[in-house]
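Me: I would like to learn how to read the features of a protein model, taking them one at a time. Could you give me the general idea each time and then turn to the case at hand?

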Amino acid sequence: MHPLDPLAADEFEAVSAILRRDTDVDDGWRFASVELSEPDKAELREFAATGIAPQRRATVICLHRATNSTYKGVVSLTEGRVDSFTHLPGVQANFTVDEFAECDRMLRSHPDLVAALARRGITDLELVFMDTWTYGNAVAPTEFRDRRIGWSDTWLRGAPGANPYAHMVSGLHCVVDLNAMSLLRIEDTGPFAGGAEPPDVMGEYAPAHVPERIRAAWRREPLAPLHITQPQGTSFRLDGNLLQWQNWSLRIGFNHREGMTLHTVSYRDGDRDRSVAHRLSFAEMVVPYRDSSQDHYRRTAFDIGEWGLGFMTTSLELGCDCLGEIRYLDAVLHDSRGVPYTITNAICIHEEDNAVLWKHVDHDAGAEVRRMRRLTVSFHVTVANYEYLVYWRLYQDGNIECEVRATGIMVTTPLAPGQPHPNGTLVDDRTYAPFHQHFLVARLDLDVDGGENTVYRTESYAEPMGPANPYGLSVLLREVPLLTEADGRQDVDFASQRGWKVVNTNVVNGLGTHPSYKLIPTGALPPMFDPASPVLRRANVIGHTLWVTPNSPDERWPAGEFVNQSETDTGLGEWTKANRSIDNTDVVLWYVFGIHHITRPEDWPVMPVDVVSFWLKPYGFFDRNPALDVPAAPPQHCHTPSTSAPH
C-alpha cells in the first residue's frame with residue numbers, strides 16, 4: 001500500500017480488535033470515527049527516496065456512553081498496539097449514522113410522542129419520520145448541556161414510500177439523550193391557533209407519487225439519446241489510488257469527515273514533474289438557517305464536523321450520476337461498533353468534452369482549433385434532506401476547478417392563515433421555505449514548485465487621468481504580500497477583482513518572474529451575522545473569505561475538531577491569534593465560499609442544482625500556453641451524421 005492509501009476493511013477490523021484488547025472499549029462504547037493518520041511531508045519525501053514506508057497508524061475517536069466521555073487514540077497498525085488513548089473532557093464526538101437511525105426508531109415508538117401525534121390526527125406511525133439534528137450549546141437547554149443531546153423535527157409522508165420531507169409537523173420537536181437513547185422532553189406548541197387545518201401541500205417529486213392532475217399537464221417531449229463513447233478506452237490511467245492524465249498526477253484519498261481528498265497533485269512540464277498542491281479537501285460546511293422561529297432557531301448544521309461527508313457519501317451506481325466511460329473507486333468506512341462496510345462506486349472518474357480549448361482563424365492559413373478535454377473526479381453526499389455533489393476538474397492548460405452543486409429538498413414550514421413569513425419564501429399552499437446559507441470551507445495545502453510559498457493579494461485599479469494617462473485607459477495591478485496571519489484574513493472585493501496568488505519566490509521562470517497559482521474567488525458570500533451571534537462565535541471562519549496559516553498537522557478543522565455542541569470556536573479564530581509568519585513558508589489557504597439561498601418556488605418540491613465553484617489558475621507557472629501541444633481532433637471525431645428524418 002502507498003502511505004496515503006485510505007484504510008482498508010481489514011485495517012478497520014484490526015483497529016477495533018486492538019482497542020478492545022488493550023483498552024476498556026467494549027459494547028458500551030461507540031466508534032465515532034476511525035481514519036488514517038496521514039504521514040507528514042518529511043515522511044513522504046523519505047518514502048519517495050528510500051521506498052521505506054512510514055508506520056501505518058489510525059486516529060480514533062471513541063465515545064463511552066455510560067459516562068458521556070470522549071476519547072482520542074492513535075493505533076499503530078504496523079506494530080499492532082495502542083500508541084495513545086486519552087480522555088478529552090468537555091467535548092462531544094461527531095454524530096453517527098447509527099444514532100440517527102436509532103433515534104428515529106425510539107421516538108416513533110415512544111408513547112408520549114405517539115399521543116402528541118394522535119392529538120394532531122396522526123395515527124399511522126409508519127408514515128412518521130423523525131429527523132434528528134445536533135445542537136450548538138448556546139441554544140441547547142441549560143439543564144441538559146452536560147449530556148450528549150440532539151433535537152428532532154417531525155415529518156409526515158403523504159403515503160408509504162412518498163417524500164419524507166413533504167409535510168412538517170410544525171411545533172413538535174423532541175430533545176433526546178443520545179447516549180441513553182431516551183426522550184428528555186417534548187416541545188409541543190400545539191396545532192395552529194384557532195384549529196386551522198394543515199395546508200394542502202404537493203411535496204412529491206417521484207412520478208409515482210405526483211398527483212395525476214399535475215402529471216396530466218406535463219407536455220415535455222423526450223430527448224433523443226446522447227451517447228458518449230470512447231471505443232479505445234479512457235485516456236487516464238488508474239493504478240490503485242494513483243491517477244494520471246494529460247501531464248497531471250495525483251492520489252485520491254477518502255475519510256469519514258472530508259469524504260474524498262486529493263493528494264500530491266503535480267504537473268509534468270517537459271521532463272520535470274512540478275508540484276502544485278500537497279492536499280486539497282473540504283474541511284467544514286456551515287449551514288445556518290436565517291429564521292428565528294420556533295421550528296428553525298436551532299437549525300445550524302456543521303455537516304462536516306458534526307456528521308462527516310464520508311459517512312454521508314452515496315453510491316454512484318444508483319443513477320445516472322456520471323456519463324461516459326467511467327472508472328469508479330469504492331470507499332471503506334465503519335459503523336459505530338467499528339465494523340467496516342463498503343460504499344460501492346463512491347468516487348467517479350471520467351473525461352468530459354468541454355467545447356473549445358483554444359482557437360484562431362487566420363485569413364490566409366485558415367483555422368487552428370483544439371477541443372478542450374477535462375478530467376472530472378467526483379463524489380456525492382446526502383445529508384438528510386440535501387445533496388451536495390462535489391467535482392474536482394483538471395484541465396489541459398493547468399487549471400484546476402472545484403465545483404459544488406447543491407440539490408435535494410428544502411426544509412419547509414406550514415403557516416396558519418394570514419401568518420407572516422418574513423424569513424422565507426412561500427413555495428406551496430400556506431407553506432414557506434426559510435432562507436439559509438451554505439458556507440463551504442476548502443482547505444488548500446498548495447506546494448507551488450516546492451513547499452515554501454508566499455501568498456499575495458492581487459487587485460486591479462484604474463490609474464487617475466493625467467499626463468501619463470490622458471484617455472483614462474490605464475488599469476494597474478497592485479500586489480501585496482501577506483506576511484502574517486493577521487494579513488492572511490482576507491475578504492472578497494469584486495470591485496477590484498481581488499484574488500490571491502500563491503507564489504514561490506525562490507524559483508524563477510523563463511521570463512524572470514516567479515511561478516504561482518492564483519485562487520480566483522467566485523461564489524464568495526458575506527456572513528451577515530452580528531459578531532455576538534452564536535453561529536459566528538462557533539464558526540469564526542465564515543467571517544472572512546480567506547484565511548492563510550502556516551501548515552501545521554494538528555490544524556485541520558477550521559471551526560475546531562469537536563463542533564458538536566460547541567459554544568465557541570477552537571479553530572482558525574484561536575490559531576491565528578498567535579499572528580505567526582506566513583512569509584516564504586509552507587502555507588495553507590482556507591477559502592470560504594458557498595450559496596446564499598434565498599429560496600424560490602422553483603426550488604420546490606426538489607430543487608434544480610445550484611452551482612458554485614472556484615478556480616486555481618497557473619500564473620507564470622508556465623512560460624507560455626501549456627496546451628499548445630494538445631493534438632487536433634480529426635474532423636470525423638467532432639461530428640456524427642444525423643440519422644433522423646428532416647423536419
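Reply: Asn345 lies in strand β17, where helices (H or I, at least four residues) and strands (E, at least two) are DSSP runs, numbered from the N terminus. The model is a predicted one, in which local features need pLDDT of at least 70 and side-chain atom pairs count only at pLDDT 80 or more, while totals for chains, interfaces and linings use all residues. Residues are numbered from 1 along each chain as its sequence is written, and side-chain values use heavy atoms, with hydrogens and water left out.

Me: Is Asn345 buried or exposed, and which residues is Asn345 in contact with, leaving aside its neighbours within four places in sequence?

Reply: The general idea is a pair of thresholds: buried means under 20% relative accessible area and exposed over 50%, with partly exposed in between (1.4 Å probe, protein chains only). Asn345 has a relative accessible area of 15%, and is therefore buried. Contact means heavy atoms within 4.5 Å, and, with neighbours within four places in sequence left aside, Asn345 is in contact with Thr314, Ser315, Leu316, Glu317, Tyr328, Leu329 and Asp330.

Me: What is the order of the strands in the open sheet?

Reply: Strands of a sheet pair through backbone hydrogen bonds, either parallel or antiparallel. Two strands are taken to pair if DSSP finds at least two bridges between them. Here an open sheet of 10 strands runs in the order β16-β17-β18-β19-β20-β31-β28-β27-β25-β26, with antiparallel pairing. Its edge strands, each pairing on one side only, are β16 (326-334) and β26 (475-482), and the twist averages 25° from one strand to the next. Helix α1 (residues 9-22) packs on this sheet, where α1 touches β16 and β17 (340-362), and the direction of α1 makes about 10° with that of β16. For such angles, axes are lines fitted to C-alpha atoms, for helices over the stretch in contact, and angles run from 0 to 180 degrees between N-to-C directions.

Me: Over how many bridges do β19 and β20 pair, and what stands opposite Tyr386 in β20?

Reply: Strand β19 (residues 386-395) pairs with strand β20 (residues 400-408) in the antiparallel sense over nine bridges. Within β20, Gly408 is the residue that stands opposite Tyr386.

Me: Which residues does UniProt list for "active site", and why can they be said to gather at one spot?

Reply: A record of this kind calls for some care, since UniProt annotations may be inferred rather than shown by experiment; the positions are given in the numbering used here, and feature names are shortened. Under "active site", the unreviewed UniProt entry lists Asp303 and Tyr386. They span 84 residues in sequence, yet no two of their C-alpha atoms are more than 10.4 Å apart, so they gather at one spot.

Me: Where is Asp303 found, and where is the place of Tyr386?

Reply: Asp303 is found in helix α6 (residues 303-307), and counts as buried at 4% relative accessibility. Not counting residues up to four places away in sequence, Asp303 touches Glu284, Met285, Val287, Gly308, Leu309, Val383 and Tyr388. Tyr386, in contrast, has its place in strand β19, and is buried with a relative accessible area of 3%. With the residues up to four places away in sequence again not counted, those that Tyr386 touches include His436, His438, His597 and Met607.

Me: Which residue takes a positive phi in the hairpin of β3 and β4?

Reply: In this hairpin, which has four residues between the strands, Gly80 takes a positive phi near 65°. Strands β3 (residues 69-76) and β4 (residues 81-87) pair in the antiparallel sense over six bridges, and the bridge partner of Val74 in β4 is Ser84.

Me: How many helices and strands does the chain have, and what radius of gyration has the chain?

Reply: The chain has eight helices and 31 strands. The radius of gyration is taken over C-alpha atoms, and the globule rule is 2.2 Å times the number of residues to the power 0.38. With 647 residues, a compact globule would have a radius of gyration near 26 Å, and the 27 Å of the chain agrees with this. Buried residues make up 53% of the 647 residues, and residues 24 or more positions apart account for 66% of the contacts with a separation of 6 or more.
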